[in-house]
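The main points come first, followed by details grouped by topic.

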Amino acid sequence: MARLTDANVALARQIVARYPRSRSALVPLLHLAQEQDGWLTEDAMQHIAELLGITPAEVLGTASFYEMFKREEVGRYLVNICTDIACHLNGADDLLDHAQQTLGVKAGRTTDDGIITLEDVQCIAACTEAPCLQVNYRYRYKVTSDGLDQLVADLRGGRLAGEIPPHGTLASVRQQIPADRWAGTGPAAQAEVDERFPS
Amino acid sequence: MTVTNAPLIISSRWEQSDGHTLDGYRRTGGYTSLRKALGMDPAAVTEEVKTANLLGRGGAGFPAGTKWGFLPPNVLPRYVVVNGDESEPGTYKDRILMERDPHQLIEGLLICCYAVGAAQAFLYVRGEMALAQERLAAALNEAYAAGLVGKDILGSGFSVDIVLHWGAGAYIVGEETALIESLEGERGMPRLKPPFFPASKGLYMQPTIVNNVETLSNLPWIIERGGAAFAALGNGKSTGTRLFAVSGHVNRPGVYEVEMGQTTFRDLVEHYCGGIREGRALKAFIPGGASSPWLFEEHLDLPLCKPTVDAAGSMLGSGAIVIMDETTDVVQACWRIVRFFARESCGKCTPCREGTTWLSRILERILAGEGRPSDIDMLMDVSDNISPGLVWPPKQTTICPLGPSATAPIASVVRRFRSDFDKYLRASHPRSEVAVV
């Protein structure tokens, strides 16, 4: 598994240059690595450490703090069922039980076919639409047991492939800043970028 | 019943299908306030916000204009950071603002940057919100291309960059100093205040303003109509309008923009939400997110006004109201909230790291039928070690308010519904022998 590709190194260079200090780009670069491989590999973390001039331990220290970074392989689709207060009051516990039975895995595990990883997650800010879940961070509202069964069938049948990218891809739109519009009134990590990134 | 005819200040484009695009935003008056602000003296912009008495909409409710005024003069560079890390259970409003009206937030942010003289701004969006990130990225791309962000904005000579930054899943990062740590590429653990008040020692130890998404989204309206027009809404103490997400056992859960100070909790429940489901009675409600102490039937007629709700022993917090009807198992509900804080404790302070975990485990064993007679006292004792005296406003033995937040539902349920605990404890069979002293 993989270091960042040349295309992603070029993207990383753009991202780092937006920050006053290169270390600030660590979380965005971890997202980039996860988008590339579907999870966070040791090789990618090592590569990011080199690009930012920090140690692999520092990269791991930050990566391990955040729930979204998966340091083990996960399914193509992460199905995150919220069981916090508003969803709990509206039947989320039953929904999670149903999902565990239907998928044959406990929360936190991946189905044998590698398609779905089930998670029992904290509030995802859709409390008025309870019970709710996310598939690779795309919402499904007021989910019933039947609705969940249909969702699982659609995911396994590849019918949502156009709507929901594989795990690791967050937003389908990236911020682009035209060079002639960048104000650059703050300090920039440009010198660090020039030093460490292959040109 | 008070349903006022206050205007929709921040939710006016939610039903507009292209409200999130630059065209749709401009067609409905967008970016005229930015032009107006750029023609004003920066100090005059801050003055309008002070006149509006715009209280921060993130949770603490601190006046935004006053916060800006804490920046030390002539210390540069300085930064503005948008807190879009909405994660408090029950809270759902910043995400809608980012998804459906991203330009309104960007315009508000630009006005703030101009007022405080920021060199650069960072828009920190919760990692789990893919659509909000897409909408904000698209909106920023449009705004940069149109000369609204970046170099020499609208030919005014004022320049500022806005960088979109993704979080990666951690509730604690909603705390402003933890958010700054996260933005610096670190584990998102809060800093001690003092000395690390963001206004003086914030991002990269430079003066920094951290404002909530909803707070900044109000600025275009305030600059367009004037701070006095905003302050004329409400009751003087709490001004303008505010978004309230009402969830739980109501017929029409939803996010409603209502006038502060005039509207009551009962108006929200009965008028906006169509009452409690199946005509049931209220058992309790959470007035301002999972961190807030619970309120009850006798509090329904309180107005949505910060000092009034503070005086009643709770807070409006993040505008998240969770309604629990008479069928609710409040011990279960209490554990669900405590479990949240235990899972989300960052581990920096011992009383929170150990205490919230113990609280969650004690509640779990009570619910599993293995509670001990002394468990209620132990819950209160552990809570007291995190938040001494269990008073309101809370005291804390921790760096940030996360730990004390976990004690709020425990104190509420033990004080009000002790008999609900007793029901569990009477039928309880602890697994090990317990010496009752």
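Chain A of this predicted model is divided into two domains: domain 1 is made of residues 6-71 together with 173-196, and domain 2 covers residues 77-156. The centres of domain 1 and domain 2 of chain A, taken over C-alpha atoms, are separated by 31 Å.

**Chain A: overall build**

- Chain A contains 8 helices and 4 strands.
- Along the sequence, these elements of chain A follow the order α-α-α-α-β-α-α-β-β-β-α-α.
- Taken along the principal axes, the C-alpha atoms of chain A fill a box of roughly 55 × 35 × 30 Å.

**The interface between chain A and chain B**

- The size of an interface is often given as the accessible area lost when the parts come together.
- On the side of chain B, 76 residues take part in the contact, and they touch 58 residues of chain A.
- Between chain B and chain A, 5 salt bridges are counted.
- A salt bridge also joins the side chains of B:R343 and A:D120, with an N to O distance of 3.2 Å.

**Salt bridges in the structure**

- Over all chains, the structure holds 36 salt bridges.
- Within chain A, A:R156 and A:D113 form a salt bridge in which the closest N and O atoms are 2.9 Å apart.
- This pair links distant parts of the chain, 43 residues apart: A:R156 belongs to helix α7 (residues 145-156) of chain A, while A:D113 is in the loop between α6 (92-103) and β2 (116-121) of chain A.

**A helix pair in chain B**

- Helix α16 (residues 375-386) and helix α17 (residues 402-416) of chain B pack at an angle of about 145 degrees, and their axes are 9 Å apart.
- The crossing of α16(B) and α17(B) is left-handed.
- From α16(B), the contact is made by B:I376, B:L379, B:M380, B:S383 and B:I386; from α17(B), the residues include B:G403, B:P404, B:T407 and B:I410, and also B:A411, B:V414 and B:R415.
- Sorted by class, the contact of α16(B) with α17(B) comprises 8 nonpolar, 3 polar and 1 charged residues.

**Backbone features**

- Most residues other than glycine have a negative phi, and most peptide bonds are trans.
- In chain A, A:A130 and A:P131 are joined by a cis peptide bond with an omega of about -10 degrees, and A:P131 is found in the loop between β2 and β3 (133-135) of chain A.
- In chain B, a cis peptide bond joins B:P194 and B:P195, where omega is about 10 degrees; B:P195 is placed in the loop between α8 (176-183) and β4 (208-212) of chain B.
- B:N74 is not a glycine, yet has a positive phi of about 65 degrees; B:N74 lies in the loop between α4 (64-69) and β1 (79-84) of chain B.

Conventions
Residues are numbered from 1 along each chain as its sequence is written. Chains are lettered from A and ligands numbered from 1 in the order in which they are written. This is a predicted model: local features need pLDDT of at least 70, side-chain atom pairs count only at pLDDT 80 or more; totals for chains, interfaces and linings use all residues. Side-chain values use heavy atoms; hydrogens and water are left out. Domain bounds come from an automatic or database domain assignment. Axes are lines fitted to C-alpha atoms, for helices over the stretch in contact, and angles run from 0 to 180 degrees between N-to-C directions. Helices (H or I, at least four residues) and strands (E, at least two) are DSSP runs, numbered from the N terminus. A crossing is left-handed if the near helix is turned anticlockwise from the far one by less than a right angle, and right-handed if clockwise. Contact means heavy atoms within 4.5 Å. Ala, Val, Leu, Ile, Met, Phe, Trp, Tyr, Cys and Pro count as nonpolar, Asp, Glu, Lys and Arg as charged, and the others, Gly among them, as polar. A salt bridge is a side-chain nitrogen of Lys or Arg within 4 Å of a carboxyl oxygen of Asp or Glu.
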